[in-house]
Amino acid sequence: MAENNIECNIVVDGNVEEVPNKKIIKFNPPLYKQRYQFVKNLVEQHQPKKVADLGCGDVCLLVILKYQKCIEELVGVDINEGRLKWNGSRLSPCMGDHLDPRELDLVITLYHGSVLEKDCRLLGFDLVACIELIEHFDSEDLAKFPEVVFGYMSPAMIVISTPNSDFNSLFPSTVFRDSDHKFEWSRMQFQTWALDMANRYSYSVEFTGVGEPPAGAEDVGCCTQIGVFRKKAKATESAVLEHHGEHVYEVIYTTSYPSLQQMNYCRRVVTYLVYREVHRMKRRCQVSLRQHELEPESADPGNPTRKFISDLPVPVLTEADKAMEMTPQPFCIGDKFYVPLERIIACPRLRHICGNVEKLREFLADVVELNCDGSAVKVDLHDCGDY
């Protein structure tokens, strides 16, 4: 919401302009964050796999979107090569991405080039974002923009945001909000243009906005106006066209994220989860041993197989815990501790990754010690780390 306070400056997108004895309109969260959150919400709602940000600037939107699990390809295009080179490292995988890989592959690419040029690598996208972009075009470039984005790229969804000049009456200055703006449209002007583009290129369009006006000024609408365009008919298969088009953009930065689709990372995660489950169960067994609550499994004193029992307080079981309790129990033979694979696969994350015991056994081959028939993980009941 916008708030009014008596101040000597105005703030739009964090930029402060000195204006003596005028009111400030301050947005919380800041207006640029509201725009990025709007795009993030669209991604969460529609689950696109391929997303492009045209005029990506300092790549802030891409940094937010890289955490969306549905996205497999993320692209930024900007005319400012220096900004792309400076900010590209912000998109690099961090240590946590290697320790806890994504479910799906993710490739991020930054291109240096004009969004008014056609590059076949921008075909076949599910969502294209143009956030505070079109107002930087002169009339000639604005005429080229629809043919490239709506006509050539033809993504399933396009989101365009631009300043709402109706809101400018609340600001003390009559100039544009940014010195590089070539125009700022009223809501009627933007909607007229957007409806024309939608009809021309077979899209539907819905209008909304972010940055609500202060109380009493609701008639001016939101500070930023937004059009969300959806393709009425599915585009032709872009994968075929992609190999025959032209590459006009220059790749400034590209990176790939580790994921469970890559066998080395998948096996590493499975191994870690298995060891975590096994050692968690082993610790429970050790507590039972220390409390002298081990009982023989049968009356035969020569039977080396033992089960462990504990009188520790029983926690409230989740559905996953209940499912695990239905599986074969861990057991000890001599100084070895065994956890059946059927019990390990009951761990929800491991079941999601592996699916079944056979696949789990494949992942663990030559990495984790199993018993002779391969039905259980085998570890030492006691090791130097336990003392």
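Phe 137, Phe 145, Phe 183, Trp 185, Phe 190, Trp 193 and Phe 207 form one aromatic cluster. Rings of Phe, Tyr and Trp (its six-membered ring) pair here if their centres lie within 6.5 Å; planes under 30 degrees apart count as stacked, over 60 as edge-to-face and the rest as tilted. This is a predicted model, in which local features need pLDDT of at least 70 and side-chain atom pairs count only at pLDDT 80 or more, while totals for chains, interfaces and linings use all residues. Residues are numbered from 1 along each chain as its sequence is written, and side-chain values use heavy atoms, with hydrogens and water left out.

**Aromatic pairs**

- The structure holds 15 aromatic pairs.
- One of them joins Phe 27 and Phe 167 in a tilted arrangement, with 6.0 Å from centre to centre and 40° between the planes.
- Phe 27 lies in strand 2 (residues 15-27) and Phe 167 in the loop between strand 7 (157-163) and helix 6 (187-201), so this pair ties together parts that are 140 residues apart in sequence. Helices (H or I, at least four residues) and strands (E, at least two) are DSSP runs, numbered from the N terminus.
- Phe 27 is buried at 8% relative accessibility, and Phe 167 is buried at 0%. Buried means under 20% relative accessible area, exposed over 50%, and partly exposed in between (1.4 Å probe, protein chains only).
- Phe 137 and Phe 145 also form a tilted pair, at 5.6 Å centre to centre and 45° between the planes. Phe 137 is buried with a relative accessible area of 8%, and Phe 145 is buried with 0%.
- Lys 50 lies over the face of Phe 125, at 4.8 Å from the ring centre. For such a placement, NZ of Lys or CZ of Arg must be within 6 Å of the ring centre and within 35 degrees of the ring normal.

**Helix 12 and its ends**

- In helix 12 (residues 357-364), the buried residues are Val 357, Leu 360, Phe 363 and Leu 364.
- These four cover an arc of only 115° around the axis, which puts them on the same side of helix 12. The arc is that of the directions from the helix axis to the C-beta atoms.
- The buried residues of helix 12 pack against helix 8 (263-290), helix 10 (341-344), helix 11 (348-354) and strand 15 (376-380). Contact means heavy atoms within 4.5 Å.
- Asn 356 caps the N-terminal end of helix 12, with a side-chain oxygen 3.2 Å from the backbone nitrogen of Glu 358.
- Just after helix 12, Asp 366 takes a positive phi of about 65°.

**Salt bridges**

- The structure holds 16 salt bridges, each a side-chain nitrogen of Lys or Arg within 4 Å of a carboxyl oxygen of Asp or Glu.
- Glu 362 and Lys 359 are three residues apart, about one turn of the helix.
- Glu 362 is exposed, at 52% relative accessible area, whereas Lys 359 is partly exposed, at 32%.
- Asp 196 and Arg 200 form a salt bridge as well (3.0 Å, N to O). Being four residues apart in helix 6, Asp 196 and Arg 200 are separated by about one helical turn.
- Asp 196 counts as partly exposed, at 38% relative accessibility.
- Arg 121 and Asp 119 meet in a salt bridge of 2.7 Å, N to O, and both residues are buried.

**A buried serine**

- Ser 259 is found in the loop between strand 10 (250-257) and helix 8, and counts as buried at 0% relative accessibility.
- A polar contact of 2.4 Å joins the side chains of Ser 259 and Asp 105. Such a contact is a pair of N or O atoms within 3.5 Å; within protein, one must be able to donate a hydrogen and the other to accept it, and residues adjacent in sequence count only if both atoms are side-chain atoms.
- Not counting residues up to four places away in sequence, Ser 259 touches Pro 101, Arg 102, Glu 103, Leu 104, Asp 105, Tyr 265 and Cys 266.

**Backbone details**

- Most residues other than glycine have a negative phi, and most peptide bonds are trans.
- A cis peptide bond joins Asn 28 and Pro 29, with omega about 0°. Pro 29 lies in the loop between strand 2 and helix 1 (31-46).
- Glu 132 has a positive phi near 55° and sits in the loop between strand 6 (127-131) and helix 5 (139-153).
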